[in-house]
Amino acid sequence: MEPIHILHVEDSEGDILLIRDAIEEGGIAHTLDVVRNGQEAMEFLNKTGNFTDKQTPNLILLDINMPVMNGHELLDFIKTDERFKHLPVIMLTTSGSQDDIFKAYQKYTNSYIVKPGNVNDFERVVRAIENFWITVAQLPKKP
C-alpha cells in the first residue's frame, strides 16, 4: 500500500503530539505534515511560502478554533477550490456545538469528530479514523 499523506491543521501542541503518536503506533505507512492555522494550511496547499516543496495531502485533519484563520474558513476555501475540493476533510475539534457541526457539514466536511477528553479515548478515535479513512475508504489518487 502506498503511504498516505496526512495534513494535520492544529494549534494545540498536546493534540499534535497525541495524533502523531497514535498514527505512528498504528503502523500505517504515512507522511504527516502539521501546520498551526488555516493560513499556513492555505500556503501548504498552494505550495507557497515555506511550503513550496510539499505535496498535496490525501487527507486533512482540521481543527476549528485556531488563530489567524479558523477551520470553518479553511474548509470553505478547500471545498470551493477546484484543486482541493476532492480532498477528504475530517473536522477534529473540541467543539460539540450544533452550530459548528451544522456549519461544517454545510461546507461539505467529510466527517465531524469531537475530540475526546482523555488519552485512551483520543487514541481510540485516531484508530477509528485510520481504520475507516485509510483502510476501508478509497481516497483519490494524487493528481
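How are helices α1 and α5 oriented to each other? They are oblique to each other, and the views below start with that pair. This is a predicted model, in which local features need pLDDT of at least 70 and side-chain atom pairs count only at pLDDT 80 or more, while totals for chains, interfaces and linings use all residues. Residues are numbered from 1 along each chain as its sequence is written, and side-chain values use heavy atoms, with hydrogens and water left out.

**View 1. Helix α1 crosses helix α5.** Here you're looking at α1 (residues 13–26) and α5 (residues 119–136), whose axes come within 9 Å and cross at roughly 55 degrees. Helices (H or I, at least four residues) and strands (E, at least two) are DSSP runs, numbered from the N terminus. Axes are lines fitted to C-alpha atoms, for helices over the stretch in contact, and angles run from 0 to 180 degrees between N-to-C directions. Under 35 degrees counts as roughly parallel, over 145 as roughly antiparallel, 65 to 115 as roughly perpendicular, and the rest as oblique.

**View 2. Residues of α1 meet residues of α5.** On the α1 side, look for D15, L18, I19, A22, I23, E25 and G26; their partners in α5 are V119, F122, E123, V126, R127 and E130. By class, this contact has 7 nonpolar, 1 polar and 5 charged residues. Contact means heavy atoms within 4.5 Å. Ala, Val, Leu, Ile, Met, Phe, Trp, Tyr, Cys and Pro count as nonpolar, Asp, Glu, Lys and Arg as charged, and the others, Gly among them, as polar.

**View 3. D15 and K115 pair up in a salt bridge.** Side chains of opposite charge can pair when their charged atoms come close. The N to O distance for D15 and K115 is 2.7 Å. D15 sits in α1 and K115 in the loop between β5 (111–114) and α5, so the pair ties together parts that are 100 residues apart in sequence. D15 is buried at 14% relative accessibility, and K115 is buried at 9%. Buried means under 20% relative accessible area, exposed over 50%, partly exposed in between (1.4 Å probe, protein chains only). Zoom out a bit and you'll find E10, D15, D63 and K115 linked in a network of salt bridges. A salt bridge is a side-chain nitrogen of Lys or Arg within 4 Å of a carboxyl oxygen of Asp or Glu, and the whole structure has 10.

View 4. E82 is exposed at 60%, and K85 is partly exposed at 39%.

**View 5. V68 has a positive phi without being a glycine.** Its phi is near 70 degrees. V68 belongs to the loop between β3 (59–62) and α3 (71–80), and it's exposed at 68% relative accessibility.

**View 6. I4 is a buried residue in strand β1.** The strand covers residues 4–9, and I4 has 6% relative accessibility. Leaving aside neighbours within four places in sequence, I4 touches I28, A29, H30, T31, N58, L59, I134 and L139.
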